[in-house]
Structures are given as structure tokens and as C-alpha cells.
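Hi everyone, thanks for coming.

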Amino acid sequence: MGTLLFILSFLFVFGLLVFVHELGHFLAAKRSKVEVLEFGFGFPPAIFKKKIGETVYSINAIPLGGFVRMLGEDGGEAQNPKSFAAKPKLIKAKIIVAGVLMNFVLAWAIFSLLYAIGFSSLIPGTENHLGVAQHIYIEDIQKDTPAFNKGVQKGDELLTIDGKKVTDVDFFRQETKNKIGQEVKVEIKRGSEIKSLSLVPFSENISGQEVGRIGIAVSELVKANNILFSPIAGLSESFRLAKLTVLGIFGFFAKIITTFTLGEEVVGPVGIAVLTNQVRQLGFTFLLQFIAILSISLALLNILPVPGLDGGHLLVTFVEKLRGRDINNSLKNTLTMIGLILLIILVVIVTTKDLNRFGIIESIKKAFGF
């Protein structure tokens, strides 16, 4: 069952990211009146196909994303007004960048939802936005303890202790730790009602040390103070992560150029699969954050001016606009092939590193008795 969930979670995350990316290209092409020959979920062989209008919609056997096949994307049919090749450079650029924008929109939508409902942060800094605060909620209550006896309930928000605002879990623990047998005043919020309670911490031995406790387990949730702030905070967080990702990409290439090595933080498809499984076990809101982070990373990697990526196609379109004429299709295809080969080599190197890092090669050897 664990292995099945491992595979399904990876396919869901990776498939969603690439599918949303291709959906951006598809919608932009349709809006620009470019004929889309096929829009497929997954990669062939096909399981199901249905033609609606001029487009074939397909569901394919390899659920690792999707693809959009447009008329004239190979440079042909230049005289056909529905051909990609016949469209002005600005329209082509819009279609090319639409996938990147959709990945960013996905991240924005996820973070907007998370800020609306509240979430435990996967990475630090998510609370540092306008209209957002870190809230401390009571996650569990131990029976026959001061908190239980005073009617504290799961889901109550912990506001203050002895008049001091509770800002994080560590602050709360420190405030009760050294007050065994001493009365502390706690403010909690339940719905719209605020209650003031007087509690006397009892002594509990934790790792050989006597500490004061009132019998509750608490958790930190980042949440917008008002649901109207959620999309603003979601957008702000998306831009913050985009900035961090750009810095990471520059660091990645700088290390390759200066030391001819890959940083330990670099992972490929195998690493993403392992991390997806680990994050999935933390909970659904953690998985959503991970998807948003990956979506931003995919968007920014795709916009790099590398042949074979969207950024490479965008660069070619820009150069053609400056030259006033198109680059020879043969040269464009050659550059794209070179770019794809380099990307495949990079993926192979990173994958090999991942297989060793996560002990997968050793596991395979043991399974086959080597």
C-alpha cells in the first residue's frame, strides 16, 4: 500500500504540474485562433481519444503531464491563418509564455487557498505578509489536567498568557515551563468569543527535567486575518518564492561554471518523487505547499533561454523580431535538439546522484542479492 501511495502521489504532483503548464499553451492558442490539433493528458500510447471541433482530446497511458500539438508549430502551413507559423511574433510569444504563467497562477491559487483556511508552514517566512498572522491553535487536550478541567477545547485559539501575546509554540512553552504550581492567566478564542482562564501548571518530567504544563498540545497555523487578504498574501508569497528560486538557479549555474559540480540541494525526478512521498506523509496542506513551490520552480526553469525550453523558443522569437525575418527551420530544429540533448544529460547526471543519495541503488542490489 505504501509503495502504491508513493507512486500515485508522485504521478499526481508531476502530472498536475505539467498538465497545468500545457493547459496554458492550449488556452492561449485557442484564444489566439491557432488550430490545436491535439491536447493530450499524459503521453502516448493513447487510451482514449475524442475529437471535438478541430481538436482531438486524448488520455494517454503515461500520466506524466500533457502536450499540445498546434498546426504549424514546426514552421509549416505558414499561409494558413490558423497556423502558429502565420501568427505575429507577439502572439507567438504570448502562446509560448502562457504555460509559465499558468504554473505561476497555480502556485498563487494554492497559496491563496492556504492563507484562507490556515496552514502549518513547510518553509519559514510565510507569515511575513500584509494581513497575515501566525496563530496558535489547541490541537489536543490531556484528560484530567488544568486545561481540560477548565473546559478548554480542541480548536480553540490561544491568544495570550499572562497578558503577553502568544506568537509561537516555543514562546508558550517557555511561559509555562518554570511556573509549576503558579497561577497563569490564559486567553483563548472560540469562534467570536474570547475567554479568560486561570490555570495552575503541573509538573511533568520531560527528558529528565521537571517542567510546567497545563495539559495541551498546540500547533502554529499561518492564516490571513481576513479572507479578502488571502489572494494578496498568496500573490506576495508566490513572488517571494520566485525570487528565492531565481537566486537558487543562479547559484546552481554558478557552481557548475566555477566548480563543475552540482550542489547537494539539486534533485531530479527521482528526488522529487522521494520528497513528494515524504511531504505527503506530513499532511495535505504540506503537499499543497510543495506543489506550489515545484510549480514556481518549473515555471522559472522553463523560461530560461535554453534551446528546447519555452525560454529558448521565446528567445528565438525575439531574435526573429529584431532581424525582421525568421531563422531557418533547420537551424532552429538543430538548436532545439542540442538543447534537449544537454537537458537529458543533465537529468541523467542528477538522477544518478539521486539514486545514490536516497539509497535506491543499494536497495535494488539487495533486492537482487548483489
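Let me begin with a term: a residue is called buried under 20% relative accessible area, exposed over 50%, and partly exposed in between, using a 1.4 Å probe and protein chains only. At 30% relative accessibility, Asp162 therefore counts as partly exposed. Before I go on, a word on the source: this is a predicted model, in which local features need pLDDT of at least 70 and side-chain atom pairs count only at pLDDT 80 or more, while totals for chains, interfaces and linings use all residues. Residues are numbered from 1 along each chain as its sequence is written, and side-chain values use heavy atoms, with hydrogens and water left out.

Back to Asp162. You'll find Asp162 in the loop between strand S4 (157-161) and strand S5 (164-165). When I say helix or strand, I mean a DSSP run, numbered from the N terminus: H or I over at least four residues for helices, E over at least two for strands. The backbone at Asp162 has a positive phi of about 50°, although Asp162 is not a glycine.

Lys33 also has a positive phi, near 60°, and is likewise a residue other than glycine. Lys33 sits in the loop between helix H1 (2-31) and strand S1. With a relative accessible area of 61%, Lys33 is exposed. In strand S1 itself (residues 36-52) we come to Pro45. The peptide bond joining Pro44 and Pro45 is cis, with omega about 15°.

Next, is His135 buried or exposed? His135 is buried, because its relative accessible area is 13%. This histidine belongs to strand S3 (residues 132-141). Contact here means heavy atoms within 4.5 Å. Leaving aside residues up to four places away in sequence, His135 touches Glu157, Ser219, Glu220, Leu221, Lys223 and Asn225. With one of them, Glu157, there is a side-chain polar contact of 2.5 Å. A polar contact is a pair of N or O atoms within 3.5 Å; within protein, one must be able to donate a hydrogen and the other to accept it, and residues adjacent in sequence count only if both atoms are side-chain atoms.

Now to the helices. Two packed helices are described by the angle between their axes and the distance between the axes. The axes are lines fitted to C-alpha atoms, for helices over the stretch in contact, and angles run from 0 to 180 degrees between N-to-C directions. Angles under 35 degrees count as roughly parallel, over 145 as roughly antiparallel, 65 to 115 as roughly perpendicular, and the rest as oblique.

Let's take H2 and H7 (residues 284-302): their axes come within 8 Å and cross at roughly 155°. That makes H2 roughly antiparallel to H7. H2 passes H7 in a left-handed crossing, where left-handed means the near helix is turned anticlockwise from the far one by less than a right angle, and right-handed means clockwise. Among the residues making this contact are Leu106, Ile110 and Phe111 of H2 and Leu288, Ile291 and Leu298 of H7. Sorted by class, the contact of H2 with H7 has 13 nonpolar, five polar and no charged residues. For those classes, Ala, Val, Leu, Ile, Met, Phe, Trp, Tyr, Cys and Pro count as nonpolar, Asp, Glu, Lys and Arg as charged, and the others, Gly among them, as polar.

H2 (residues 89-117) also meets H8 (residues 310-323), with axes that come within 9 Å and cross at roughly 165°. H2 and H8 are therefore roughly antiparallel to each other, and H2 passes H8 in a left-handed crossing. Lys89 and Lys92 are among the H2 residues here, and Asp310 and Glu320 among those of H8. What classes make up the contact of H2 with H8? Five residues are nonpolar, two polar and five charged.

My last pair is H5 (residues 230-259) and H7, whose axes come within 10 Å and cross at roughly 55°. H5 and H7 are therefore oblique to each other, and H5 passes H7 in a right-handed crossing. Including Leu241 and Val246 of H5 and Ile293 and Leu300 of H7, this contact of H5 with H7 has eight nonpolar, three polar and no charged residues.
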